[in-house]
Amino acid sequence: MPGTDNVNKQRNWGGALGIILLLFALGYRFYPEFDHAEPQAQVQTDTTPPAAGKPWVLDNTIAPGTGDGGVSPIVGTTLAEAIAMGPPAPVTKEVATLIKMARKQEEEGKLFEPPGNNAVGLYRRALAKDPGNAAAHDALLRIGGAVRDWSLAALERGDQAEAQRYATQFSELPHSEAELVNLQTRLKTLSEVMPLLGVAAELLKQNRLIGDGDNNALAVYRKVLAIDPENRIADEGLGRIERGYLDRALGAAAQDDFVNADAILAEASSIRPGSQALLDTRSQIEGLRRQRGETVLSQARSALDAGNADLAERLGKEAQAISTDLSGLDEFNERLRNARLYASFSPGQIFSDRFLDTSGSAPAVVVIPAGQFVMGSAPSEDGHRDDEEPQRLIKINTGFAMGLSEVSVGQFREFAKAVGYRTDAERAGTGSVYDESSGRMIDRRGINWQRDYKGDRASDKLPVLNVSWNDANAYVKWLSQRTGKRYRLPSEAEFEYALRAGSQTRYWWGDGDPPSVLGNFTGDGDRSPSKRSWGHAFKRYSDGYWGPAPIKTYPANPFGIFDIDGNLSEWVDDCWHDNYIRAPRSSSAWINPGCERRVIRGGSWGSAPLQIRSAYRLGVSAETRSARVGFRIVREL
């Protein structure tokens, strides 16, 4: 039907024309250069405040609104939105020409000058002709954001006039009211602090940096910061004051004057507490301090190696004063302490002091090395007794030398003859002896220190026995007077330390029977004159003596001490206590004034193996006399 064909053709042509019209509208919107209109280029200005003579620069690579200008970023338009919006209003040739001229002036930095031919004025004229023109509107927003930032930059550097000029220009451009209020508030604050900044600058010139009251640069800058906490000029002023102090502190430290450096740093720390410059300087000074301390400590070690303890101590104290936490200082102090402990002696050295007023000398002593040990015994130890606990760590912090052997009859005779001393046994008229017929210890009249364990005359080489604690204490006091040195009985802790000689086993040689003949102990091979044997004894052991043996008959223990276990039990200085609860943690004797019971340590020639243990102890009257008890001396260093 011809009519129908015509209708179809008309519909097809109409649809095609509609599509062409739509495409034209879209092209016109997004390509405004069509029909000779200027493109609405999306550009962003450089918001860096221009220096003197520096032209305004356009940055064509950044979309508007993505910088600090406060303009919302442009979002692309979708096809559906474009269709809904319809074709944009056409840009006239006059408006396009104005925008082109404005962009040229903008590129040359002529934003507000010359009058009548500047970028801002031209963009405004374009908007007057075409109020909806996006290019002109975006350009004014862009310039406004930059001018705002220039005003803020002028505020930061304290240029009040420049900041005010830019703020006024910003107020005449499209802007955020909140941003304008912020600028005006900051301008008002700047007007308040500028006079103070001038005063502070003058005080700096006069070198009146700090002091009491307000007439110094520090106080004035702090006033400025109280008004304007973000004021960069005031903060920089404080930084200059601080830098002067920090440089002086570094100079003092470089001259090894760390006391003065610390004092200057303390003053500087009040200027800008916690500043990075302060922290960095403190770190530098600490490095110099540590370096100097290490040098002095090395010198102290060399002095100690050369045997000059006095110089070593002085240098060590100097190093410690320089840097209290210096690495290696504790180790050096320990070495120095040991040197002081042993005076001019060394651990293991044997010596004897000569008498001051007559010929003769004190019994030989051996220097005991300093150290520490666990005193007492554990409940699990075979033979453990309640009076041997609780165990505790004892540090031997005071140097001493111990008698090489028990005091002999000959040595005690020299004392008794020199002062006419009478022992407790002599005054009482009785002493202790071994009775062969009964196999027991009995008291017998006329027995004293001059007799052996059977009651016969004692050889000078035998250890003296039948002496009480009182007699032993009188002997060491006499030695002190004759030599001018400090002699005493060993403390209980010192005795066990010397007996153990570095061990923590039941006996100083181990936990079992002696591996060889090490001392005068009860052995199953020992026999009395009438062939008696011990009921409790070490198996497969015989030392050749029934009764005390002459001093130094058997080998010394690892500390070089003879007969400290076996032969005779020995008096120590301590009062008797039923256990170690509340005992001193040091190695000193535990003494209660007026105590009547004292401690005996170490086994004797007649002690059972359980009584030979290193931890074994016994408390008896200080007047006790026995053929199984003697003593040895300690000489303090």
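The following exercises, with worked solutions, concern a predicted model.

**Exercise 1.** Determine whether R290 is buried, partly exposed or exposed, and state which residues R290 contacts beyond its sequence neighbours.

*Solution.* Begin with the location: R290 belongs to helix α11, which covers residues 276-305. Next, consider accessibility. Buried means under 20% relative accessible area and exposed means over 50%; R290 has 28% relative accessibility and therefore counts as partly exposed. Finally, examine the contacts. With neighbours within four places in sequence set aside, R290 is in contact with S323, D325, L326 and S327.

**Exercise 2.** Identify which residues touch the most other members of the largest nonpolar core.

*Solution.* The largest nonpolar core has 74 residues, and those touching the most other members are Y123, Y221, I241 and I285. Helix α5 (residues 134-156) gives the most to this core, namely 10 residues. For I285, the contacts beyond four places in sequence are A249, L250, A253, F258, A261 and L265.

**Exercise 3.** Describe how α5 and α6 are oriented relative to each other, and which residues meet.

*Solution.* First, take the geometry: α5 packs with helix α6 (residues 160-171) at an angle of about 160°, and their axes are 8 Å apart. Angles over 145 degrees count as roughly antiparallel, so α5 and α6 are roughly antiparallel to each other. Their crossing is left-handed.

Key. Residues are numbered from 1 along each chain as its sequence is written. This is a predicted model: local features need pLDDT of at least 70, side-chain atom pairs count only at pLDDT 80 or more; totals for chains, interfaces and linings use all residues. Side-chain values use heavy atoms; hydrogens and water are left out. Helices (H or I, at least four residues) and strands (E, at least two) are DSSP runs, numbered from the N terminus. Buried means under 20% relative accessible area, exposed over 50%, partly exposed in between (1.4 Å probe, protein chains only). Contact means heavy atoms within 4.5 Å. A nonpolar core is a set of buried Ala, Val, Leu, Ile, Met, Phe, Trp, Tyr and Cys residues joined through side-chain atoms within 4.5 Å. Axes are lines fitted to C-alpha atoms, for helices over the stretch in contact, and angles run from 0 to 180 degrees between N-to-C directions. Angles under 35 degrees count as roughly parallel, over 145 as roughly antiparallel, 65 to 115 as roughly perpendicular and the rest as oblique. A crossing is left-handed if the near helix is turned anticlockwise from the far one by less than a right angle, and right-handed if clockwise.
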